[in-house]
Amino acid sequence: MRISNFKFQLPNFMKYLLFLCVLLMIFASFAQAQIAVKGETIWTMAGDPITNGIVLIKNGKIEAVGTELQVKIPSNYRIISAKVVTPGLIDAHTVIGLNGYLNQPHDQMALDGSSPIQPDLRAIDSYNPEEILIGWVRSYGVTTIHTGHQPSALVPGQTMIAKTVGKTVDDVTIVPGAMLNVTLGESAIASQGRSPGTRAKQVAMLRAELLKAGNYKGEPRDLKQEMWKKVLNREIPLLVTAHRAVDIMNALRIAKEFNIKLVLDGVSDAQQVMSEIKTSGFPVIVHPTMYRAGGETENLSMETAAKLKAAGIPVALQSGYEGYVPKTRIVLFEAALAAANGMSRRDALATVTIDAAKILGLDNRIGSLVAGKDADLAMYDGDPFEYVTHCTGTIINGNVVSDVIR
Amino acid sequence: MKRHFCSFLLLISLFGSILGQEKPTAFINARIIPIVGQPIEQGILLIQNGKIKAVGDARLVKLSSDVQIVDLNGKVIMPGLVDTHSHIGDGSGADGSSPIQPDVRILDSLNPRATSLQRAQSGGITTVNVMPGSGHLDSGQTLYIKLRDGAVKIDDLLIYDKDGKFMGGIKFANGTNPLRTGSGNFPGTRAKSAALVREQFIKAQEYKAKIDKAGNDKTKLPNRDLAMEALVEALEGKRTVHFHTHRADDVMTVLRLHKEFGFKLVLQHVSEAWKIADEIAKAKVPSSIIMIDAPGGKLETMDVSYKNGVALEKAGALVGFHTDDYITDSRLFLRSAGLAMRAGMSREKALYGMTMAGAMMLGMQDRIGSLENGKDADFIVLNGDPLSVYTHVEQTWVDGKNVFDRSIPTDYLTAVGGFGATTDRLVHLDCFDGDVEGGQE
């Protein structure tokens, strides 16, 4: 590659020129990774919002955050301006990537109906990073999703945490086995005489699994037991979807008996057992604000998130599982409705950024705009929560991954 | 005891309104969005006996001495919202016996005490086209209702036309929902769907010809056929066809049927309207669209777009909105207009779509949809910009009666949800909260 050597025929020379161009483009794209995002308002989610601020991005990480007076933009940085800048949004619980937008059997991979207890099912083995719905939520500013099996069986499988852009599951995954899904209540009652047919049976089956795993010594290898063992060793929490108060209390009772970690999910009846949830110390990923009330979710409220927050319970919002239309919700919109129903704008934004990151155990990497964290940002042309505001761009790991105006 | 007293109060108020003795009420200090005409910054809305008596600038509206004043302190008034396609009221239409059942009326299945009706009131909806489902080519007759309070029977919610008949349309569907391969006489393809619908409308044309031929000679009338009667009403333009359709080719099929049979038509959903907005405009057919948070969920809505509103607006077609409740929540109906504006629709047309456009689609443009003298006193009070997420509907009024008030605990419960919010009320008269089942902690 001695480009000073010009003893070539013209076609060869052209080849070199082409090669040079490609090299230049690669350098250019590296240069693009050095970005300065200017925002009239920057919600860092680490302290007060900054007026007329700058976020410097270098090599996929946040280099500096501050006001225009504090942060100087180096000359080779690409400048992107936005009215409002927030950390990339985090959807604390979804099923997209396993379930797709077509809603046909071949793209619905979030539930295997062969058995009610399948802790060995890894989300990564079903995850399609190119699913249309992932691009859809990305274009509204969602940069990280906690996704997995759908809450329609007692133990439907594992969850994973991924960034919302990338070609392969390896490219996108942050945590391959984040939590183990458990569903209590009506939606995990099996039909036609199969187990579990009642709530009491659900709890009995879970206790039996946990008891058995307590005696598991690792030989011969058993994928199910290995997963339960991680739960018993408090390496991963159970993500328990429970809507009715009785189911929430069942979850807390199991956690106490086996000294395991929980993340409560859904919790439509939260307001009836608020002090019990608070005492347990477990965080909550609450149902989407606009979730449909009916059956075991009949008592849900648009104010549940606000009331949990007011009680001092760690709370994140989620897009949840949808069986029909919309095939996914968008946490930006769910947080907006929470802000319209009793939550402060900052707290509502926290449910889809820093507070979600904390519950997922990733607040050292994502969820706020702080030097050293991943450069995941969302940009808006106004208050992110207003219906008529647009998401003008999304940045993940320092790359502009969406610039459609949504 | 309370309930008897309540009925007594009702009787008195009824008696009063029969004699035309109701005092006029003036809502003052309001920002009024009349929909027809420019917004009025410092406006007065004057109502009496369920009708609008005056609407205009505070300096121009004359108030009589007996008027009751309601000071709104700068709040916003706009017409009650018109939902052109909803499934509130626990209704059901046709059964599995046949794909085309024009004789089936959703009227005969509605529960006037369903909480879904109150949810709609809390979202500012005052008039609704309640439809049967889309699992048939024709799942039956729809019903236009007003969300009045205190209904004990569905009759209390009906809207009557000039001939004294209660108003409603008829629901048709194409695309994938009515396809049931191998299920009796249901269609297995789109072409078959169209053929079956054409066959029935041709039969109805023949039935109508017999009636026309009989003239005044009752002995020559054909035997009564309830299905044919409903389709004849559609052919005569007395019963609007509300056609569920998603994909562009399916919409074109509907337009073809419309051209062949000349029925009054409202396109419902129209998920791919943005692809053929000019064709829809050329056919002079209105579209009732829906705002869904993500594409897909079914194959024929892969390309649904928030841009449908702006595309149709730019093409010059009439655009309205619907909740399709439970698909979207009646309490958040205004959100549909907000999202349409987000995608480029003008504020004016988005708000027009929530009100006047819907009134036109239901053939009620002379009675509802805007705040104008002589129209029904159907309106809502908002605490801010109707298209802001932070704005709440504070009051809903139907025929001059308050049917929702966010400051009343039971109504608040309906609006935000919570324990008991979805329990149907036994009696839901607002004069006594204690009579409201499910409203208590």
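Let's start with strands 5 and 6 of chain A. Strand 5, residues 89-94, pairs with strand 6 in the parallel sense, over 4 bridges. Two strands count as paired if DSSP finds at least two bridges between them. Strands here are DSSP runs of E, at least two residues; helices are runs of H or I, at least four residues; both are numbered from the N terminus. Within this pair, A:Leu89 stands opposite A:Val142 in strand 6 of chain A. How does the chain cross from strand 5 to strand 6 of chain A? Through helix 2 of chain A, residues 132-138, in a right-handed β-α-β crossover. Right-handed means this: with the strands pointing away from the viewer, the path from the first strand over the helix to the second runs clockwise.

A word on the ground rules. This is a predicted model, where local features need pLDDT of at least 70 and side-chain atom pairs count only at pLDDT 80 or more, while totals for chains, interfaces and linings use all residues. Residues are numbered from 1 along each chain as its sequence is written, chains are lettered from A and ligands numbered from 1 in the order in which they are written, and side-chain values use heavy atoms, leaving out hydrogens and water.

Back to strand 6 of chain A. Buried means under 20% relative accessible area; exposed means over 50%; partly exposed is in between, with a 1.4 Å probe and protein chains only. Strand 6 of chain A also pairs with strand 7 of chain A, residues 157-163. That pairing is antiparallel, over 5 bridges. In it, A:Thr144 has A:Lys163 as its bridge partner. As a general point, side chains in a regular strand alternate between the two faces of the sheet.

Staying in chain A, look at helix 9, residues 331-339. Here 9 of 9 residues are buried. Among them are A:Phe333, A:Glu334 and A:Leu337.

Next, the interface. Which chain gives 41 residues to the contact, A or B? Chain A does, and chain B gives 34. Contact means heavy atoms within 4.5 Å. The area buried between the two chains is about 3,500 Å², and carbon and sulfur atoms give 58% of that. Buried area is the accessible area, with a 1.4 Å probe, that two parts lose on being put together, summed over both. In chain B, the residues that lose the most area to chain A are B:Arg342, B:Val389 and B:Tyr390, together 24% of what that side buries.

How many salt bridges cross between chain B and chain A? The rule finds 0. That rule asks for a side-chain nitrogen of Lys or Arg within 4 Å of a carboxyl oxygen of Asp or Glu. Polar contacts are another matter: 20 residue pairs, both at pLDDT 80 or more. A polar contact is a pair of N or O atoms within 3.5 Å; within protein, one must be able to donate a hydrogen and the other to accept it, and residues adjacent in sequence count only if both atoms are side-chain atoms. On the chain B side, helix 8 (333-342) and helix 11 (409-416) each give two or more residues. Helix 8 of chain B has the largest share, 5 residues.

One residue in chain B is worth a stop. B:Ser193 sits in helix 3 of chain B, residues 190-214. B:Ser193 is buried, at 4% relative accessible area. Its side chain reaches the backbone oxygen of B:Thr189 at 2.9 Å. Leaving aside neighbours within four places in sequence, B:Ser193 contacts B:Leu137, B:Leu179 and B:Pro187.

Most residues other than glycine have a negative phi, and most peptide bonds are trans. A:Ser195 and A:Pro196 are joined by a cis peptide bond, omega about -5°. A:Pro196 is in the loop between strand 9 (180-183) and helix 4 (199-214) of chain A.

Two non-glycine residues with positive phi follow. A:Asn59 has a phi of about 50°, and is exposed at 55% relative accessible area. B:Ile35 has a phi of about 75°, but counts as buried at 14%.

Last, a hairpin. Strands 16 and 17 of chain B form one, with 2 residues between them, and B:Asp399 in the turn has a positive phi of about 50°. The two strands pair in the antiparallel sense over 4 bridges.
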